[in-house]
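Here is a short tour for a reader new to this structure. Look at the sequence and the model first, then read on.

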Amino acid sequence: MIIAPSILAADFGHLAEAIDIINRSDAGWIHCDVMDGVFVHNISFGFPVIKSIQPIAQKPLDVHLMIVNPDRYIGEVRDCGAMMMNVHYEACTHLHRTIQSIHDAGMKAAVTLNPATPVMLLSDIITDVDMVLLMSVNPGFGGQSFIGHTVEKIRALKTMIEASGSRALIEVDGGINQTTAAIVADAGADIAVAGSSVFKAADPIAEIAALASV
Ligand code: DX5
Ligand code: ZN
């Protein structure tokens, strides 16, 4: 599995050190959690912060927007050098148009589902997206426990992807540690986001290696 460490769990006073750790690790991507205090309670960081890490980041940026009306910010996310732009299904009234606009801006497009949003709602967009991000916690905070029902959603999504001929990847975000990483990998996840388990570990580089090899 590709591991995408979330810098939400890093020490923001030493963000360059967190990026350096990710650069030197087996991580595949860098996951950036943008929160607006409206779609979710928390406010994390915005585009100036992502722009400042982009020049030192040696792995692709996976930007997860927990904000209302994310289509307003497609240009800003592109200007941050993002490889992937994740928008929440629950935040997009015109999801098809938003996905097309992300592609027109030159980025890969992902749709993210909250834990209570069923996978079947993606049946008419699954061939248009590059990735589906399944939230395995309620978005807004790091350090929460993995919601077990996510495993059934991964399997249902995998079945939908295979039946439709879609090439969408499956990413899982929230409560990922070595135990839950093995469970989601077995269910068919391609990418796992990991915040607390990486940055609270005594040796984050070893932790990333362990997560990547479950
Ligand atoms: C939660 C964020 C996650 C978060 C995961 O709203 O989307 O990416 O950083 O943190 P952990 O791995 O601590 O659950
Ligand atoms: Zn996230």
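Start with one serine. Ser 166 counts as buried, at 10% relative accessibility. The model is predicted, so local features need pLDDT of at least 70. Ser 166 sits in the loop between H5 and strand S7 (169-173). Its side chain reaches the backbone nitrogen of Ala 168 at 3.0 Å. Beyond its neighbours within four places in sequence, Ser 166 is in contact with Ile 126, Thr 127, Val 129 and Ile 161.

**The sheet**

Strand S7 belongs to an open sheet of eight strands. The order is S1-S8-S7-S6-S5-S4-S3-S2, and the pairing is parallel. Strand S1 (2-5) and strand S2 (30-35) are the edge strands, each pairing on one side only. From one strand to the next, the twist averages 25°. Strands of a sheet pair through backbone hydrogen bonds, either parallel or antiparallel.

Take one pair. Strand S4 (residues 84-88) and strand S5 (residues 108-113) run parallel, joined by five bridges. Met 84 stands opposite Lys 108 in S5.

**A polar residue inside**

Is Asn 86 buried or exposed? Asn 86 is found in strand S4. It is buried, with a relative accessible area of 0%. The side chains of Asn 86 and Asp 62 are joined by a polar contact of 2.8 Å. Setting aside residues up to four places away in sequence, Asn 86 touches Asp 62, Val 63, His 64, Leu 65, Ala 110, Thr 112, Met 131, Leu 133 and Glu 171. Asn 86 and Ile 147 are 61 residues apart in sequence, and their C-alpha atoms are 20 Å apart in space.

**The cores**

The largest nonpolar core has 63 residues. Those with the most contacts inside it are Ile 7, Cys 32, Val 63, Leu 157 and Ile 176. Helix H5 (residues 150-164) gives the most to this core, with five residues. Apart from it lies another core, of eight residues, including Met 83, Ala 110, Ile 191 and Val 193.

Val 63 deserves a look. With residues up to four places away in sequence not counted, Val 63 touches Cys 32, Val 34, Ile 50, Val 77, Ala 82, Met 84, Met 85 and Asn 86.

Now helix H6. Thr 180, Ala 181, Val 184 and Ala 187 are buried in H6. They cover an arc of only 130° around the axis, so they are on the same side of H6. Thr 179 and Asp 186 are exposed on the other side of H6. The cover over the buried residues of H6 includes H5, S7 and H8. Asn 177 caps the N-terminal end of H6, with a side-chain oxygen 3.0 Å from the backbone nitrogen of Thr 179. Just after H6, Gly 188 takes a positive phi of about 120°.

Next comes helix H8 (residues 204-212), whose buried residues are Pro 204, Glu 207, Ile 208 and Leu 211. Seen down the axis of H8, they fall within an arc of 100°, so they line one face of the helix. They pack against S1, helix H1 (15-23), helix H6 (178-187), strand S8 (191-194) and helix H7 (196-199).

**Polar atom distances**

| From | To | Distance |
|---|---|---|
| Asn 86 side chain | Asp 62 side chain | 2.8 Å |
| Ser 166 side chain | Ala 168 backbone nitrogen | 3.0 Å |
| Asn 177 side-chain oxygen | Thr 179 backbone nitrogen | 3.0 Å |

Terms used. Residues numbered from 1 in each chain as written. Chains lettered and ligands numbered in written order. Predicted model: local features only at pLDDT ≥ 70, side-chain atom pairs only at ≥ 80, totals over all residues. Heavy atoms only, no water. Pairing = 2+ DSSP bridges. Helix = DSSP H or I, 4+ residues; strand = E, 2+ residues; numbered from the N terminus. Axes fitted to C-alpha atoms, helices over the stretch in contact; angles between N-to-C directions. Buried < 20%, exposed > 50% of the residue type's maximum accessible area, 1.4 Å probe, protein only. Arc of directions from axis to C-beta. Contact = heavy atoms within 4.5 Å. Core = buried A, V, L, I, M, F, W, Y, C linked by side-chain atoms within 4.5 Å. Polar contact = N/O pair within 3.5 Å; in protein donor to acceptor, adjacent residues only side chain to side chain.
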